Amino acid sequence: MRLLTHNMLSSNIKGVMNGFPLRLEVEKSVSKEVEFNSDFLRNMFPKIEWKALVDAARSMGYAELPEEAPESSMLESEEFLMKFHHALLELHLEEGALICPETGRRFPVNKGIPNMLLHEDEV
């Protein structure tokens, strides 16, 4: 599961008010090379919750992103875009779990696929 996907997921358990961002529990992560596309990155940047991306990347051992969301002028920096690209698209959570910040409910991730199905009493 890419961190791009992680940045879009939230817990939908009945009664949960704060289901984003899901915390990562990493058992296995991999880096998979993806073709660089600066236009895609520039278009995605405003849609990304920056702190969630930084925290997720750090939990996977990648600490190259700045703590604070960079100014839009940084989107012209090839160096920044390469780091953003790597975190967003090349880091993959293969095995582990996504954890609801409010309830602590674990959603398993197996072979890179998150299982977000809810139990009957959570719907």
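**Exercise 1.** Does K111 count as buried or exposed, and at what relative accessibility?

Solution. The model is predicted: local features need pLDDT of at least 70, side-chain atom pairs count only at pLDDT 80 or more, and totals for chains, interfaces and linings use all residues. Residues are numbered from 1 along each chain as its sequence is written, and side-chain values use heavy atoms, with hydrogens and water left out.
- Step 1: K111 lies in the loop between β3 and β4; helices (H or I, at least four residues) and strands (E, at least two) are DSSP runs, numbered from the N terminus.
- Step 2: The cut-offs are under 20% relative accessible area for buried and over 50% for exposed, with partly exposed in between (1.4 Å probe, protein chains only).
- Step 3: With a relative accessibility of 70%, K111 is exposed.
- Step 4: Its phi is near 55°, a positive value in a residue other than glycine.

**Exercise 2.** Describe the sheet and locate its edges.

Solution. 
- Step 1: The order in the open sheet is β1-β2-β3-β4, with antiparallel pairing; two strands pair if DSSP finds at least two bridges between them.
- Step 2: β1 (23–31) and β4 (113–114) each pair on one side only, which marks them as edge strands.
- Step 3: Two bridges join β3 (residues 106–110) to β4 in the antiparallel sense, and V109 has P114 of β4 as its bridge partner.

**Exercise 3.** Characterise the packing of α3 against α4.

Solution. 
- Step 1: α3 (residues 50–59) and α4 pack at about 70°, with axes 10 Å apart; axes are lines fitted to C-alpha atoms, for helices over the stretch in contact, and angles run from 0 to 180 degrees between N-to-C directions.
- Step 2: Because 65 to 115 degrees counts as roughly perpendicular, α3 is roughly perpendicular to α4.
- Step 3: α3 contributes W50, L53 and A57 to the contact, and α4 contributes F80, F84, A87 and L88; contact means heavy atoms within 4.5 Å.

Methods
Angles under 35 degrees count as roughly parallel, over 145 as roughly antiparallel, 65 to 115 as roughly perpendicular and the rest as oblique.
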